[in-house]
Amino acid sequence: MKQYLILFLSLLLFSCSSDNDELTKEVTVKFNFTQNWDGTVIEKSDLSNTEYTNKLGTKLTIEKLRYLISKITLTNGAGVETIFEGYKLVDITESENLTFSPTEKISEGAYNLSMTFGFNNADNFKAGGYADLNSASWDVPDTLGGGYHYMQLEGKFLNKNIQQQGFAYHTIGAYNSTTKEVEDTSFTVDLGTISIKNNATIEVKMNVAEWFKNPNEWDLDVLNSMLMPNYDAQKLMSANGKSGVFSLGNISQ
Amino acid sequence: MIKKSIYTLLLLLLMSCSSKEEDVYTPKPASLKIPELFQQKLIAPVIPTNNPLTEEGIALGKKLFFDKILSKDNTQSCATCHNPKKAFTDENRFSDGVNGTFGTRNSMPIFNLAWNFDERFAWDGKELSLERQALEPVRNPIEMHSKWTNVTERLQNHSEYPTLFQQAFGVSKIDSTLVTKALAQFERTLISGNSKFDQFLLGKAQLTPEEQNGFDVFMDETRGDCFHCHGSNNNPLWTDNKFHNNGLDAVFSDLGLGKVTGDPNDNGKFRSPSLRNLKFTAPYMHDGRFATLDEVINHYSTGLKSSPTIDPLMKKVNQGGVNLSDKDKADLKAFLLSLSDNDFVANPNFQE
């Protein structure tokens with residue numbers, strides 16, 4: 001009888017111990033980057049094929065979309081930040097380049113999720129640069145301060161003369177040709193609060209239409225290319241990027 | 001007596017093992033000589049795990065590259081159209097095959113191919129690895145026009161090749177897979193990274209004012225804007241290895257990538273060639289239509305033709321092109337020529 005009692009108590013203890021483990025469960029998170037035009041998903045097959053209309057009524061198609069996301073950060077209730085190592089060059093043409101899978105684990109719980117669009121100046125001008133980004137022809141000319149692109153959105157639009165015309169909406173740090181300095185036009189995106197209970201895949205959505213919408217209604221007839229050296233255009237693009245381009249999507253866990 | 005017999009048996013066994021060891025030839029691993037600038041700026045080159053570089057494999061690949069045995073009538077080798085003195089292309093617009101038939105594409109130069117990270121080779125990207133690419137010219141009726149069964153039979157009956165294949169791959173039965181593996185190994189060693197501009201970037205040479213202005217034109221989005229497709233000081237491959245329609249034609253006689261993918265949006269797109277070694281690689285473009293660099297620069301300056309798939313980066317197509325001044329054109333040419341690597345074309349390791 002005594003033996004049964006000891007066995008029962010042991011099982012109870014083990015069971016308690018197991019509960020404690022679950023309270024401190026460590027999980028992995030994966031980020032899946034998706035793109036849409038005001039809610040309509042943009043996929044590789046839409047490139048050059050699907051026509052979109054921007055806020056000013058200009059019809060356009062997209063041929064290339066690459067953008068850089070860095071400093072993906074989870075901040076817990078106590079204000080402790082987990083900044084995931086690395087960065088992601090998202091490329092809509094390559095399915096393997098739509099997902100960022102950090103190796104770091106986090107404890108389950110509630111977090112605020114944020115990230116940086118592009119590189120902040122400290123990362124952008126890191127000594128030695130980034131071999132993978134150089135190899136992807138992602139760099140910015142030294143005459144514009146150097147560093148790296150934040151985004152390359154390219155395609156064609158129907159201009160005011162009803163002619164097909166190319167556009168290259170490239171965002172970089174805004175280069176001031178007078179001061180010869182690069183103004184940091186990367187920005188932090190606050191994606192809101194998430195609750196992580198298990199290994200999770202978090203969707204981060206980009207609404208491409210927003211780049212042309214708010215607060216600056218983008219006129220492709222005026223600003224369509226050669227935007228990299230255009231300080232004012234870089235500031236305008238950055239402002240539009242901050243206003244509703246990115247949002248949190250589905251979380252599967 | 002029994003003890004003696006056991007010793008003898010063991011001795012024989014040992015001798016037999018030793019004899020077997022001598023028969024097995026292990027190829028010596030080799031590595032690429034990566035230029036300093038590439039090490040600083042670029043990710044590692046692509047070496048397939050199923051075809052590691054070995055000294056014997058590279059040597060065999062080199063021998064095969066220069067051997068006319070690969071062609072139907074023993075008149076052409078790879079080097080016939082890929083001459084080391086011409087940065088592994090030739091001076092012709094189109095090259096003729098063993099039957100005297102001309103192709104429709106300009107022979108591509110061969111260097112720095114291990115840094116083609118997407119591994120889409122040829123002007124139209126139809127070849128998905130260097131090994132697979134090497135299969136094609138041998139059996140192409142307007143090139144070497146051989147049959148692989150004939151080629152491998154000839155190699156098998158050759159006085160040297162069976163031993164060389166044994167040493168490189170550990171098997172003496174020669175097949176097309178091993179031939180192309182050896183060729184690919186040699187091709188990966190063809191590295192060009194010692195131009196005047198490389199030396200400049202390493203702080204070992206000075207540019208002339210014209211070359212410096214030419215580089216600025218190249219990197220300036222409002223003038224040449226060449227860097228988006230053709231590399232930069234940070235991407236010393238001087239190509240993005242991607243496919244673009246650069247405004248050569250309004251109507252396509254050659255669909256390029258479009259014929260490979262079947263997607264009309266890819267019509268008229270061809271792989272950006274590296275701008276290294278232009279001094280040696282005329283004529284230019286996928287069909288060799290431009291005999292000189294001046295013609296190439298004039299094309300981008302005022303000769304662009306619009307078509308539905310033209311690259312958005314050909315931004316001034318409606319004005320004919322980027323309309324460079326005469327000085328900027330001349331300086332751009334001076335800069336482009338500074339990307340040529342005399343050591344590469346004279347490298348004794350790459351000659352027959």
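Predicted model: local features only at pLDDT ≥ 70, side-chain atom pairs only at ≥ 80, totals over all residues.
Good morning. In chain B, the secondary structure amounts to 15 helices and two strands.

I begin with the chain as a whole. Taken along the principal axes, the C-alpha atoms of chain B fill a box of roughly 100 × 50 × 35 Å. Chain B has 352 residues, of which 48% count as buried. If we consider the contacts in chain B between residues at least 6 apart in sequence, 67% of them join residues at least 24 apart.

I turn next to one pair of helices. Two packed helices are described by the angle between their axes and the distance between the axes. For helix H3 of chain B, residues 55-65, and helix H7 of chain B, residues 161-169, the angle is about 145 degrees and the axes are 8 Å apart. The crossing of H3(B) and H7(B) is left-handed. Which residues make the contact? From H3(B) they are B:Glu56, B:Gly57, B:Leu60 and B:Lys63, and from H7(B) they are B:Leu164, B:Phe165, B:Gln167 and B:Ala168. By class, the residues of this contact of H3(B) with H7(B) comprise four nonpolar, two polar and two charged.

Finally, I come to the contact between the chains. Chain A contributes 24 residues to it and chain B contributes 22 residues. On the side of chain B that touches chain A, the elements giving two or more residues are helix H10 (209-219) and helix H11 (227-230) of chain B. The residues on that side of chain B divide into eight nonpolar, eight polar and six charged.

Thank you for your attention.

Key. Residues numbered from 1 in each chain as written. Chains lettered and ligands numbered in written order. Contact = placed C-beta atoms within 7 Å. Helix = DSSP H or I, 4+ residues; strand = E, 2+ residues; numbered from the N terminus. Nonpolar A, V, L, I, M, F, W, Y, C, P; charged D, E, K, R; others polar. Buried ≥ 20, exposed ≤ 12 C-beta atoms within 10 Å, placed from the backbone. Axes fitted to C-alpha atoms, helices over the stretch in contact; angles between N-to-C directions. Left-handed = near helix turned anticlockwise from the far one by under 90°.
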